[in-house]
Protein chains: 2
Amino acid sequence: MDATTLEKYLHGHIPLSAAMGVRVLLATPARVELAAPLAPNINHRETVFGGSASALAILCAWSLLHVRMLGAGVRARLVIQRNEMSYDEPILGDFTATCELEDESAWERFLRMFERRGRARITLRARLECGSRRVAGFEGDFVALR
Amino acid sequence: MDATTLEKYLHGHIPLSAAMGVRVLLATPARVELAAPLAPNINHRETVFGGSASALAILCAWSLLHVRMLGAGVRARLVIQRNEMSYDEPILGDFTATCELEDESAWERFLRMFERRGRARITLRARLECGSRRVAGFEGDFVALR
């Protein structure tokens, strides 16, 4: 799975990602980075619509899990169960989302649980940036189902 | 502000709402109801993408505040500060978001604080339904700024 493959997958299967102009900058098991331009995601204040910010963060965290599951050779349905977003600053232009796994041991527990029970949950965090400023934070719980 | 006016406003100022096919079913100070079709909001599992669910809930809660502020003759910038979403069930088809103010006294406090300080915060909840099933819940903090 490289950035181009993931981008085609997202645009082909989640049409909102194409409408948002989402681009995949990096897609590795260590880190996924997505970008989106302001124009299709703008709001009435000419900043990024909160729903777009939230959607980019969800896509980013889901993508990291997707890339990792493929890398581990595990087929699973990945479902978001809950998320929190904090909107720290208005997003004034093109923006990115970055998701990394902070705790490798959580990933190992997640995989073991999935293999044992066919169901496991993991919490991922993502951050949104505009220029080099952190503008929003995301935390989401995802469930993998056989 | 009626449903048609709000729908035009959303489509004109937040292009993602048009890409999502958002329709405004009801826009009153007591209650805002929005609807969105599955097709433009679908994901790789042929259910509604979590980012679309989240965006519809944010639009709905923001719209209730917007309608109420206009009704009260108050001009303010409304900014989302934080939100939580719980995705309770896969959303298998067209879906709606509904936001009502649960606590009229919270609104009165919010308006008084805004008038006194030029800044006030309020928490709103919205629910998403598909058919007659509740499928997701939203809670968000919004800030009004002079």
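## Briefing: a two-chain predicted model

L6(B) counts as buried, because 21 C-beta neighbours lie inside 10 Å. The cut-offs are 20 or more other C-beta atoms within 10 Å of its own for a buried residue, 12 or fewer for an exposed one, and partly exposed in between, with C-beta atoms placed from the backbone. This is a predicted model, in which local features need pLDDT of at least 70, side-chain atom pairs count only at pLDDT 80 or more, and totals for chains, interfaces and linings use all residues. Residues are numbered from 1 along each chain as its sequence is written, while chains are lettered from A and ligands numbered from 1 in the order in which they are written.

**Around L6(B)**

- L6(B) sits in helix α1 (residues 3–13) of chain B. Helices (H or I, at least four residues) and strands (E, at least two) are DSSP runs, numbered from the N terminus.
- Beyond its neighbours within four places in sequence, L6(B) contacts M1(B), V24(B), A27(B), S63(B) and V67(B). Two residues are in contact if their C-beta atoms, placed from the backbone, lie within 7 Å.
- R121(B) is 115 residues from L6(B) in sequence, and their C-alpha atoms are 23 Å apart in space.

**The sheet**

- An open sheet of 12 strands carries the order β1(A)-β2(A)-β4(A)-β5(A)-β6(A)-β3(A)-β3(B)-β6(B)-β5(B)-β4(B)-β2(B)-β1(B), and its pairing is antiparallel. Two strands pair if DSSP finds at least two bridges between them.
- The edges are β1 (23–27) of chain A and β1 (23–28) of chain B; each has a single partner strand, so one side of each is left without a neighbour in the sheet.
- From one strand to the next, the twist averages 20°. Axes here are lines fitted to C-alpha atoms, for helices over the stretch in contact, and angles run from 0 to 180 degrees between N-to-C directions.

**Strand pairs within chain A**

- Strand β4 (residues 95–100) and strand β5 (residues 119–130) of chain A pair antiparallel over four bridges. T98(A) stands opposite R127(A) in β5(A).
- β5(A) and β6(A) run antiparallel, joined by 12 bridges. R127(A) also stands opposite G137(A) in β6(A).
- These two strands, β5(A) and β6(A), form a hairpin with two residues between them. In its turn, G131(A) has a positive phi of about 65°.
- β3(A) and strand β6 (residues 133–145) of chain A are antiparallel and share 10 bridges. The bridge partner of N83(A) in β6(A) is G140(A).

**Where the chains meet**

- The contact takes 29 residues from chain A and 29 residues from chain B.
- On the side of chain A that touches chain B, the elements giving two or more residues are α2 (15–19), α3 (50–71) and β3 (77–87) of chain A.
- β3(A) gives the most to that side, with nine residues.
- The residues of that side divide into 14 nonpolar, 11 polar and four charged. Ala, Val, Leu, Ile, Met, Phe, Trp, Tyr, Cys and Pro count as nonpolar, Asp, Glu, Lys and Arg as charged, and the others, Gly among them, as polar.
- Across the contact, five bridges join β3(A) to strand β3 (residues 77–87) of chain B, and the two run antiparallel. S86(A) stands opposite R82(B) in β3(B).

**Symmetry**

- A rotation of 180° with 0.0 Å of shift along its axis superposes chain A on chain B, with RMSD 0.0 Å. Copies are superposed by least squares on the C-alpha atoms of residues with pLDDT of at least 70 in both.
- The two copies are therefore related as by a two-fold rotation axis.
- In chain A, the C-alpha nearest the axis belongs to E84(A), 2.2 Å from it.
- The copies meet through the same surface, because 100% of the interface residues of chain A are also interface residues in chain B.

**Helices of chain B**

- Helix α3 (residues 50–71) of chain B has 22 residues, which should span 32 Å at 1.5 Å a residue; its end C-alpha atoms are 32 Å apart, in agreement. The expected span is 1.5 Å times one less than the number of residues.
- α3(B) is mostly covered, with 19 of its 22 residues buried. G73(B) follows α3(B) and has a positive phi, near 70°.
- Helix α4 (residues 104–117) of chain B has 14 residues and reaches 20 Å from first C-alpha to last, close to the 20 Å expected. Just after α4(B), G118(B) takes a positive phi of about 75°.

**Positive phi outside glycine**

- E46(A) has a phi near 60°, a positive value in a residue other than glycine. E46(A) lies in the loop between β2 (31–36) and α3 of chain A. E46(A) counts as exposed because it has 11 C-beta neighbours inside 10 Å.
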